[in-house]
Protein chains: 2
Amino acid sequence: MATEVPDPHQLHAALQTAVLKCSERCLYQAAKWAAEALTSMPSLVPQNDTPLPQSYLHPTSSDEKEAILQAGELPTYLLSKSYFDVHEYDRSSAVLANCKSSKSRFLHLYAQYIAGEKRRDEESEMILGPLDTAATQNREVQSILSHLEAVFTEKGDDINEDDSWLLYLYGIVLLKQKNEDEARASFIKSVNLYPYNWSAWLELGSTLGNLGDLNNILQSLPNNIMTNIFVLYSNQELYQTSDPVHAQLADLQTIFPTSAFLKTQRALLYYHAREFDEAEAIFDSIVKEDPHRLDCLDHYSNILYVME
Amino acid sequence: MATEVPDPHQLHAALQTAVLKCSERCLYQAAKWAAEALTSMPSLVPQNDTPLPQSYLHPTSSDEKEAILQAGELPTYLLSKSYFDVHEYDRSSAVLANCKSSKSRFLHLYAQYIAGEKRRDEESEMILGPLDTAATQNREVQSILSHLEAVFTEKGDDINEDDSWLLYLYGIVLLKQKNEDEARASFIKSVNLYPYNWSAWLELGSTLGNLGDLNNILQSLPNNIMTNIFVLYSNQELYQTSDPVHAQLADLQTIFPTSAFLKTQRALLYYHAREFDEAEAIFDSIVKEDPHRLDCLDHYSNILYVME
C-alpha cells in the first residue's frame with residue numbers, strides 16, 4: 001500500500017481537531033497520540049492572514065440535527081466532563097442520562113464504563129480476600145451493551161461520524177464479552193466514520209492474531225493516512241521486518257519527520273530482527289530528544305541488557 | 001452589599017466560558033464549580049436563532065498580541081495539555097518551556113507545580129523511611145516564584161485577564177512560603193482581572209482569619225456577582241449566621257435557584273447556629289436530588305450523629 005501524501009494543511013487541521021475531539025471526550029491517550037503526530041509535522045506557513053485557524057473553534061458536528069442537540073445540551077455536557085475530570089465517574093454518567101445527542105450518549109456510557117473498571121480494579125486488589133478466586137469483571141458491561149444496541153437499532157443505517165465514538169465503545173464492551181468478531185467489525189465501522197481516534201485503531205489491532213487477520217480486513221479500511229500508520233504499526237507488532245515495511249515507514253517519516261512514535265516503530269523493527277546496534281542507536285536518540293518520554297522504554301532496557 | 005442582578009444571558013455565557021477556560025488550563029475543580037453554577041440557573045430562551053452560542057467557540061484572548069501568540073503555540077499547547085491529562089506533569093511542563101503567551105506560561109508553571117506536589121506526596125508516604133523526620137516540601141516552588149517574578153517585571157503594569165491565571169499561581173506559591181500578605185494581594189489582583197476562577201476565590205478565602213480581614217479587602221474586590229458569592233461563602237466560613245447573611249443568600253438563590261452549592265451554604269449556616277433540624281432537612285433534600293454528591297457530606301454525617 002503506497003502512502004498517498006495528504007495536503008499538509010488539511011492533515012494539520014484534521015489532527016488538531018482530533019486532539020480537541022478526543023480530549024473533549026476524555027479519551028486522553030488518543031488525544032495524546034494525535035497531539036504527538038501533530039507536533040511531529042514540519043511547521044506550516046499559514047495559508048491566509050487570519051491569525052486564528054478555523055479548527056481553533058470547539059469542534060462541533062457537521063450534522064445539523066446533532067449540532068442543535070449538542071448546543072442545547074452543552075451546559076450539561078460541560079458539567080459531566082468536569083465531573084469526569086475530577087474522577088467522579090458515576091456522577092459524570094448520571095447527569096447525562098436523559099441527553100439525546102450522540103456526543104452526550106457517548107460520555108454517558110463511557111463514564112459508566114470507567115466507573116465499572118474502577119470498581120473492578122478495587123475488587124481485584126483484595127488479594128487473598130473473599131473475592132480473590134472469583135474472576136472480577138466490569139459489572140457495567142451488560143448494561144452498556146444493551147443501551148448501545150438500543151441506540152443502533154433506533155438509528156438503523158442513519159449513522160455518521162458522531163456515532164464513531166459509540167461504535168468504538170461498542171467494540172470495547174464486545175471484547176470484554178470475548179466476542180472478537182463483532183468487536184473487530186465495530187472498530188472497522190468506527191475508524192471508517194472517523195479515522196483519527198487512535199484508540200479505536202489500537203483496539204482493532206488487538207483483535208489481529210496474525211498476518212492473515214490483517215490481510216483479511218485491509219479492503220475494509222478507509223482511504224486515509226491513518227490506515228497507512230495502522231498497517232505499518234500492525235506489521236511491526238506482527239514481527240514483519242521486511243524491506244517493504246521499512247520503505248512504508250520511510251514514506252510516513254517524510255510526512256512526520258520528527259515523530260518519536262515512528263522512530264520507535266523503526267527501532268522495534270530492528271529489535272525484532274535482532275539488529276540490536278541499530279535499535280539501540282535509535283532509542284538512544286529518542287531519549288536524548290525527549291528525556292521525559294517513557295513509551296516503549298521497556299524494550300530499550302531489554303536491548304541494553306542483551307548487548308551487555 | 002446588595003446583589004445586583006446581572007443579565008442572565010451574559011452570566012450564562014460568562015460561566016460557560018469559565019468552564020472551558022478552567023478546563024483548558026486543567027483547573028478541574030474550578031471548572032466543576034463553574035459548571036455547577038451554570039446548570040443551577042433557570043433555562044434560558046435563546047436570544048437569537050443561531051443554534052450555537054458564541055461561547056461554544058474555544059475561548060481565545062481579547063488581547064490581539066496574546067491571541068496571535070496563542071494561535072502560533074496551539075499545537076504545542078494541545079500537546080502539553082494532553083500530557084497533563086494523562087498525568088505526565090514534568091513532560092507537560094517541559095514542552096512549553098520556550099512558549100511566550102500568558103496561557104502557555106501558566107500551564108508550563110502549573111504543570112511544574114503539580115509535578116512538585118506529586119513528588120512531595122510520594123516522599124511524604126515513606127513513613128518511618130529516611131525522610132520521615134524532614135518536613136517534605138514542594139521543591140519546585142522557588143523556581144516557579146523566580147520565573148513568575150521575572151514575567152511580572154517584564155510586563156510591568158501591562159497586565160490583563162490572561163495574566164490573572166499567573167497571579168493565581170503566584171499567590172499559591174507565596175502561600176507555600178508563608179507569605180500570606182503578598183499572596184492575598186495576588187489573589188485580589190487575579191479575581192479583579194478575571195472573576196470566574198473559583199479556585200482563586202477559595203485561596204483568597206483561606207487567607208482570611210476573621211471578619212476584620214474580610215472587611216479590610218471588601219473595597220478591593222471587583223463589582224461582580226462572584227464577589228457576592230465569595231462574601232456570602234466567607235461569612236458562612238467565619239460563622240456569621242445573622243439575618244442579613246441569610247437575606248444575601250436568598251438574593252443569590254433567585255439567580256441560581258437549583259444550586260446545591262448555595263443550598264449547602266444555607267445548611268451550614270443553620271449548622272453553625274446549632275439549628276440542626278433545619279440543617280438536616282436541607283442536606284436530606286440535597287442527597288435526594290443528587291445521590292452522587294459527596295461535597296460537605298462530612299457535616300451532614302456530624303449532624304445526624306449529634307441528633308441521634
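**View 1. Helices α11 and α12 of chain B cross at roughly 140°.** Their axes come within 10 Å. The helices are α11(B), residues 225–237, and α12(B), residues 243–255. Axes are lines fitted to C-alpha atoms, for helices over the stretch in contact, and angles run from 0 to 180 degrees between N-to-C directions. Helices (H or I, at least four residues) and strands (E, at least two) are DSSP runs, numbered from the N terminus. The angle makes α11(B) oblique to α12(B). Under 35 degrees counts as roughly parallel, over 145 as roughly antiparallel, 65 to 115 as roughly perpendicular, and the rest as oblique. The crossing of α11(B) and α12(B) is left-handed; that is, the near helix is turned anticlockwise from the far one by less than a right angle, whereas clockwise would be right-handed. On α11(B), the residues that meet α12(B) include B:Ile225, B:Ile229 and B:Leu232. Among their partners on α12(B) are B:Val245, B:Leu249 and B:Leu252. Contact means heavy atoms within 4.5 Å. This contact has 8 nonpolar, 3 polar and no charged residues. Ala, Val, Leu, Ile, Met, Phe, Trp, Tyr, Cys and Pro count as nonpolar, Asp, Glu, Lys and Arg as charged, and the others, Gly among them, as polar.

The model is predicted: local features need pLDDT of at least 70, side-chain atom pairs count only at pLDDT 80 or more, and totals for chains, interfaces and linings use all residues. Residues are numbered from 1 along each chain as its sequence is written, chains are lettered from A and ligands numbered from 1 in the order in which they are written, and side-chain values use heavy atoms, leaving out hydrogens and water.

**View 2. Helices α8 and α9 of chain B cross at roughly 150°.** Residues 180–193 form α8(B), and residues 198–206 form α9(B). The axes come within 9 Å. The two helices are therefore roughly antiparallel. Their crossing is left-handed. Contact residues on α8(B) include B:Arg184, B:Phe187 and B:Ile188. On α9(B), B:Trp201 and B:Leu204 are among them. The contact of α8(B) with α9(B) divides into 6 nonpolar, 2 polar and 3 charged residues.

**View 3. Helix α3 of chain A packs against helix α2 of chain B.** The angle is about 150°, with the axes 9 Å apart. So α3(A) and α2(B) are roughly antiparallel. α3(A) passes α2(B) in a left-handed crossing. Chain A contributes A:Leu78, A:Leu79 and A:Tyr83, among others. Chain B contributes residues including B:Tyr28, B:Ala31 and B:Glu36. By class, the contact of α3(A) with α2(B) has 8 nonpolar, 3 polar and 3 charged residues.

**View 4. A:Phe152 and A:Tyr170 form an edge-to-face aromatic pair.** The ring centres are 5.3 Å apart, with 70° between the planes. Rings of Phe, Tyr and Trp (its six-membered ring) pair if their centres lie within 6.5 Å; planes under 30 degrees apart count as stacked, over 60 as edge-to-face and the rest as tilted. A:Phe152 lies in α6 of chain A and A:Tyr170 in α7 of chain A, so the pair ties together parts 18 residues apart in sequence.
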